[in-house]
Amino acid sequence: MAPRAYWKGTLKLSLVSCPVVLYPATTAAEKTRFHLINRETGNRLKQQMVDTETGDVVESDQKGRGYELRKGKYVEIEPEELEAVQIESSHTIDIESFVPSEEIDQRYLNHPYYIAPDGKAAADAFAVIRDAMKDQDRVALAKIVLTNREHIIAIEPLGKGLLGTTLRFPYELRDEGEFFGEIKSPKITRDMVELAGHILHSKAAHFDPSKFKDEYETALKALVKRKASGKKIELPEPEERPGNVVSLMDALKQSLKGRGGKKTAAKSHARRATGRQRSARKTHRTTARHRKAG
């Protein structure tokens with residue numbers, strides 16, 4: 001049985017259009033979830049809305065939406081008033097432009113969706129749009145309305161279908177200068193950078209998400225299973241942080257030696273460093289002779 005579509009509408013490229021469906025590309029169904037319960041009865045709890053001033057429980061027919069103008073002062077907005085700002089093309093993905101994928105700042109990437117043709121009649125137009133994007137190696141930018149909000153969506157080919165990723169708006173991103181402005185720019189020797197480069201090289205790999213293991217989720221499932229079977233949960237001893245202070249250069253060298261079979265790289269680095277030092281001394285001596293001869 002096919003999964004239920006999250007959104008249905010039309011994908012348009014100029015005068016070419018086809019019905020499409022969107023499916024969320026991610027799921028949290030497998031994650032361990034906890035509910036609030038009453039410790040005395042073991043029954044599940046439910047939350048209620050309470051008036052912050054009176055403390056009275058507010059029933060569903062009394063709930064409304066309000067925007068805070070200033071502290072404690074709200075303007076109430078009715079549901080029908082929100083319809084005044086609804087986007088007209090709520091069921092159309094109208095492609096506006098195509099951009100190189102490398103130009104999209106990854107900080108803007110938000111939620112991914114799978115886009116597929118809706119029915120056999122849409123297959124031809126869908127394939128034309130998809131294959132044209134493959135040939136041009138570009139990402140389409142379009143607008144889409146999801147849950148009454150307009151979003152920018154980046155669309156690119158993915159296998160037989162398309163991958164659509166909603167993008168954040170600029171006002172949703174924080175300026176990195178607020179967080180990086182205080183970072184100092186110390187003088188780092190070339191030897192340190194080269195040693196770090198050897199460590200990076202020793203850890204070189206290819207992106208393979210199948211190797212990602214959620215160890216915390218695995219431990220949670222094991223804990224629940226153990227507790228449900230009546231076994232005692234042993235609390236781990238707190239780890240002691242190492243107190244010895246190691247210099248940055250020593251840490252780099254020890255990290256490189258710690259990688260099995262990588263000592264050759266360290267020796268190679270040492271030989272290059274020694275060679276540079278000898279070359280520098282030789283150059284210094286030659287320069288001194290020229291000065292003396294002059």
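Me: Okay, let me start with what I've got: two strands count as a pair if DSSP finds at least two bridges between them. In which sense do strand 5 and strand 7 pair, and over how many bridges?

Reply: This is a predicted model, so keep that in mind as we go. Strand 5 and strand 7, which covers residues 139–146, pair in the antiparallel sense, with five bridges between them. If you want a spot to look at, find Ser 97: its bridge partner in strand 7 is Leu 141.

Me: And how does strand 1 run relative to strand 5, parallel or antiparallel?

Reply: Here's a general idea to carry along first: side chains in a regular strand alternate between the two faces of the sheet. In this structure, strand 1 (residues 7–13) and strand 5 (residues 92–99) run parallel and are joined by three bridges.

Me: Next, aromatic rings. How many aromatic pairs are there?

Reply: Two things describe a pair of aromatic rings: how far apart the centres are and the angle of the planes. The count here is three aromatic pairs. One of them is Tyr 6 with Tyr 113, a stacked pair with 5.6 Å centre to centre and 20° between the planes. That pair links distant parts of the chain, since Tyr 6 sits in the segment before strand 1 and Tyr 113 in strand 6 (residues 109–117), 107 residues apart.

Me: Which of the labels, buried, partly exposed or exposed, does Tyr 6 get, and which does Tyr 113 get?

Reply: Just check the percentages. Tyr 6 has 39% relative accessibility, so it counts as partly exposed. Tyr 113 has 9%, so it counts as buried. Another stacked pair is Phe 169 and Tyr 171, at 5.9 Å centre to centre with 5° between the planes. Phe 169 counts as partly exposed because its relative accessibility is 24%, while Tyr 171 counts as exposed at 65%.

Me: What about pockets? What is the volume of the largest pocket, and which residues line it?

Reply: The largest pocket has a volume of about 410 Å³. Its lining includes Met 49, Asp 51, Gln 62, Arg 65 and Tyr 74. Strand 3 (65–70) and strand 4 (73–77) each give at least two residues to that lining. Sorted by class, the lining has four nonpolar, four polar and four charged residues.

Me: Which residues have a positive phi although they're not glycines?

Reply: Most residues other than glycine have a negative phi. Ser 14 has a positive phi of about 60°. Ser 14 is found in the loop between strand 1 and strand 2 (16–24), and its relative accessible area is 57%, so it is exposed. Then there's Asp 137, with a positive phi of about 55°. Asp 137 lies in the loop between helix 2 and strand 7, and counts as exposed because its relative accessibility is 61%.

Note on methods:
Residues are numbered from 1 along each chain as its sequence is written. This is a predicted model: local features need pLDDT of at least 70, side-chain atom pairs count only at pLDDT 80 or more; totals for chains, interfaces and linings use all residues. Side-chain values use heavy atoms; hydrogens and water are left out. Helices (H or I, at least four residues) and strands (E, at least two) are DSSP runs, numbered from the N terminus. Rings of Phe, Tyr and Trp (its six-membered ring) pair if their centres lie within 6.5 Å; planes under 30 degrees apart count as stacked, over 60 as edge-to-face and the rest as tilted. Buried means under 20% relative accessible area, exposed over 50%, partly exposed in between (1.4 Å probe, protein chains only). On a 1 Å grid over the protein atoms alone, a cavity is a set of points where a 1.4 Å probe fits but cannot get out, and a pocket is an open set with protein on both sides within 12 Å along at least five of seven lines; lining residues have an atom within 4 Å of a point. Grid points are joined across faces, edges and corners, and a volume is the space filled by probe spheres set on the points. Ala, Val, Leu, Ile, Met, Phe, Trp, Tyr, Cys and Pro count as nonpolar, Asp, Glu, Lys and Arg as charged, and the others, Gly among them, as polar.
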